[in-house]
Each structure stands twice: as C-alpha cells, then as structure tokens.
Amino acid sequence: MFKGKEGIVLKKPELLAPAGDMEKLKFALLYGADAVYLGGKQLGLRASAGNFTLEEMQEAVDYTHSFNKKVYVTVNILAHNDDLEGIEEYLLKLEAINADGIIVSDPGIVKIAREVVPQLPIHLSTQANTTNWAAADFWKDYGIKRIVLARELSLTEIAKIKQKVDIEIEAFIHGAMCMAYSGRCLLSNFLVGRGANQGECAHPCRYKYHLIEEKRPGQVMEIQEDERGSYIFNSKDLCMLENIPAMVKAGIASLKIEGRMKSIHYVATVVKAYRQAIDSYCQSPETYTLDEKLLEEVGKVSHREYTTGFYFNKITSDDHNFETSAYKHTYDFIGIVIGYDSSKGQLIVEQRNNFGVGDKIELCPPKGENKEMIIKAMFDDKMEKIAKAPHPQQLVYIPSPVMFPEDTLIRRRRT
C-alpha cells in the first residue's frame, strides 16, 4: 500500500505476464513479473501455444513458487458438452499441483469448479464479458475472486465497478487487441473451420480483404485505393505504459500483458519496462514521470502500432491500421548470456539468430541498464576464432570486459 498524489491510499498492482512455455515463464519471472498465466493441453484459448502437460505445469508451479510468485491456469474455453468430459478430474489435478487460481469464462465450468475444487480461486476471464458493476456483484456472490473485465470498458467505468463492488479487478495493459467483443469471434469458425472460442483462432481479422458486388461475381474491387487491399478488422496493439498512474488509481489489482504466443524477447522486454514504470510510480507518485527510455523499449519488440484502446475514448478509425497487418520489427533477438568466464573475460552466449564479428549488439539484463557493444572477436566451444555464429543454439564466446548476468538477452538493430 502507498499514498497517491492526492493522499489517497493505493495498492501496488500485480504485474501479470504470459507464459506460453517453460522458457517464457522463466524469463517473465526473471524480468519482473509478479505472476504468470499459462495453459494446459486442454480447455485453453491458445491451442497453438506451447502449453504445458500436467507434469510440466507442476514444474512451472514449483519454479514460480520458489520466487514467491503466482501461477494462474487458463480453463477459459466456451465449453461444449464434449469439453466437459473429464473436467472434474482435471480441476482436481490443478488443485493438487498447487496452482494459485484458474481463469474461467464458461458458467458451467465455474459451477463445476465451485463444487469440485471450492478452495481453488476462480478468476473470471475477459471472455465472460463483464461490463457493469451488477454483473461483477453477481459473480462475487457466486464465489469469483477476481474479474478480468471486458476490454471494451473505459477507466471511468472500471473505477465505478471497483467502487460499487469489493472484488479484485484485472485488466489488460499491453498486447494484441481482438476486433470482436472481448474476443468472442466467429470469423475463424466461418472462414477456416477453426473455433476461436475453443482455442484455435486463425486470426482472420489480420487478413487482407476486398469487396465483391453480388451481381458481379469474380470482379474484385479494392476497398481502399491502393493495391494492397484493406485490413478492415486490423486493430492496433494496446499499450498503456504512459498511463500507469491512471490504471492504479482506478483500483485495478492486476495489470495483464497479452502474448502467450510471443517470443521470450517480447515477454522479457515488455515485462521489464512495465516493472520499472510501476515500481517508479509506486515509490514516488508525487514526482513520478515516465522514463522515455521505457517507451523506446516497448518499441523494440515486434509489434503493431500502439493504441490505448477503450480506456479513454470510444474506438475510432485511428485505433485500426487499414493499410497493413505487418508488425514493426526493428530489432532481432540473437542470443542469451548463459555464463561468464572471468579468467578469459568472455561472455558465454547461446545463439538464437545469426550474428557475427563487427555487429553492434545490445545486452539487456533482467535488472539494470542495457548496454551496447561491438563484437570485436568470437570463439567457438573449441576456442577457435569464428566470424559468424550461424547454427541454432550454438555456444559462442565473446570477449567483454564487463560481466553480464546469466539470462541477459542480446539483440541487434535491423539495418
């Protein structure tokens, strides 16, 4: 707890990060997340993510708890009858591995969970479309601990819900935005037969579309005047880094980053930027200003143009990109520091992308300032000089007078 600018007592929010697999979970925690959310091999909305077996989930929970941090498991599909087969056993196993909560959208699964694992906290998914205080109060009465509110709410609406209902509120602060109402979309089902609400979204909102008139079949017309078609459903990405004080003042308990399909570079970089912003604000709210370097950081990951979504205004055409669904990609993630040989003054690096002598690189440790350096020499694991590191996960030794800690990420600006 801390006092805000007006002397109001505020609570420091949880920073919640995605974990598509064990490596991403590790880097999310090392770079500053307070909690992670992950999916099992069933009943989640990211079927194409790495996801976790129950054994891997146990490892993930044990690892996360060693940091005194939390793991929430997604059980958030909109279930059909067949999806409920074995649900009781699965929920009991999630309780047995000591998960800190489950994220659920389907009322039927909520009902079953309340009966089968009554001590396991339930977080209501954004897919449940909670948009008002009466609905929040209903779910509180039904035993829900936390509500991940619909993405279509403003901060003013969120603050009113929190004022009227004593329940934990979670909201997204960063990542891809779905063009459908809180993610409830049938485009993927209709176009490619993959159910978005069963975890198999093909992201057709990012496709290129043209217009065909009913009586002129086969005569394709451009919706826009250029030759690239029109990305009429293509939302920009959410970024609330500049608005941490407003999010905290609204009473949001957990600030959530989207991206279980993203890279470890994305997860680590975004988590670290928000970690620094949240800590800085909570430490000194009266004098807080956002460090512009943090905005530069979230600009270095692969992303679409940024927007603040629904938080301050109704969505307009400015919140979509009608020209392209391509990502901005200015940096390449090229390696991870896995050790430092102090006797030789060399970084031990595991390669993740081709790099070589002469490259200007940026080293990004879990804590502290990033540093740039030029690779002046490299050696392989036999201590023979090499000019390039072309092989995936190749071990490379790079002379450096400065020691960087294990799990420092390395990236290189694209030319």
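Strands β4 (residues 35-39) and β5 (residues 70-75) pair in the parallel sense over five bridges, where pairing requires that DSSP finds at least two bridges between two strands. Within this pair, V36 stands opposite V71 in β5. Strands here are DSSP runs of E with at least two residues and helices are runs of H or I with at least four, numbered from the N terminus. The model is predicted: local features need pLDDT of at least 70 and side-chain atom pairs count only at pLDDT 80 or more, while totals for chains, interfaces and linings use all residues. Residues are numbered from 1 along each chain as its sequence is written, and side-chain values use heavy atoms, leaving out hydrogens and water.

Strand β4 also pairs with β3 (residues 14-18), again in the parallel sense, over three bridges; here P18 stands opposite Y37 in β4. From β3 the chain crosses through α1 to β4 in a right-handed β-α-β crossover (with the strands pointing away from the viewer, the path from the first strand over the helix to the second runs clockwise).

How enclosed is β4? Five of its five residues are buried, so the strand is largely enclosed by the rest of the structure (buried means under 20% relative accessible area with a 1.4 Å probe, protein chains only). A35, Y37 and G39 cover one side, with V36 and L38 on the other.

Turning to the helices, M22, L25, K26, L29 and L30 in α1 (residues 22-30) meet E59, A60, Y63 and T64 in α2 (residues 54-65), contact being heavy atoms within 4.5 Å.

How values were computed. Axes fitted to C-alpha atoms, helices over the stretch in contact; angles between N-to-C directions. Buried < 20%, exposed > 50% of the residue type's maximum accessible area, 1.4 Å probe, protein only.
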